[in-house]
Amino acid sequence: MRNYEIMFIVRPGSTEEETDKLITAMEGVVTSHKGEVIEVEKMGNKKLAYRIDKFDEGYYVLFKLKAGGECVKEFERRLRVADSVVRYITVRVDEDLKRVEKIRAARLKKVKKKASRKIGEAAPSAI
């Protein structure tokens, strides 16, 4: 199972009730494919960078989930056929998280090495 972030934009004319119904349906897709929804973030209405289907703004929703490829395919298929969804994007973030952890570990090792050198230099001069 891999980590994914899926962001989609819902039409601004949709009611809060319709948006919540779509979100619960998408959560159901993930759980039915043995995935795990980590977080759902409703970002609210925001201005779009460019006009999409005569809309200047949209309601942004971000899903963070842990799932397999089949789950993501079904999730995207459902978003594609949903009339209220204007755009969506899926990003696999597990590779990015591994890279960030590797960089963080290298920086920490470098800091520890530098600190141990300073401690070694400071002791003889104190005498």
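1. A salt bridge here is a side-chain nitrogen of Lys or Arg within 4 Å of a carboxyl oxygen of Asp or Glu. The whole structure holds seven salt bridges. This is a predicted model: local features need pLDDT of at least 70, side-chain atom pairs count only at pLDDT 80 or more, and totals for chains, interfaces and linings use all residues. Residues are numbered from 1 along each chain as its sequence is written, and side-chain values use heavy atoms, with hydrogens and water left out.

2. The fold has three helices and four strands, where helices (H or I, at least four residues) and strands (E, at least two) are DSSP runs numbered from the N terminus. Their order along the sequence is β-α-β-β-α-β-α.

3. The C-alpha trace spans about 75 × 35 × 20 Å along its principal axes. Of the 127 residues, 28% are buried. Buried means under 20% relative accessible area, exposed over 50%, and partly exposed in between (1.4 Å probe, protein chains only).

4. E16 and K42 pair in a salt bridge (3.8 Å, N to O). E16 lies in helix α1 (residues 16-32) and K42 in strand β2 (residues 36-52), so the contact ties together parts 26 residues apart in sequence. E16 is partly exposed at 44% relative accessibility; K42 is partly exposed at 40%.

5. E74 and R77 also form a salt bridge, with the closest N and O atoms 2.9 Å apart. Both sit in helix α2 (residues 69-81), three residues apart, about one helical turn. E74 is buried at 17% relative accessibility, whereas R77 is partly exposed at 39%.
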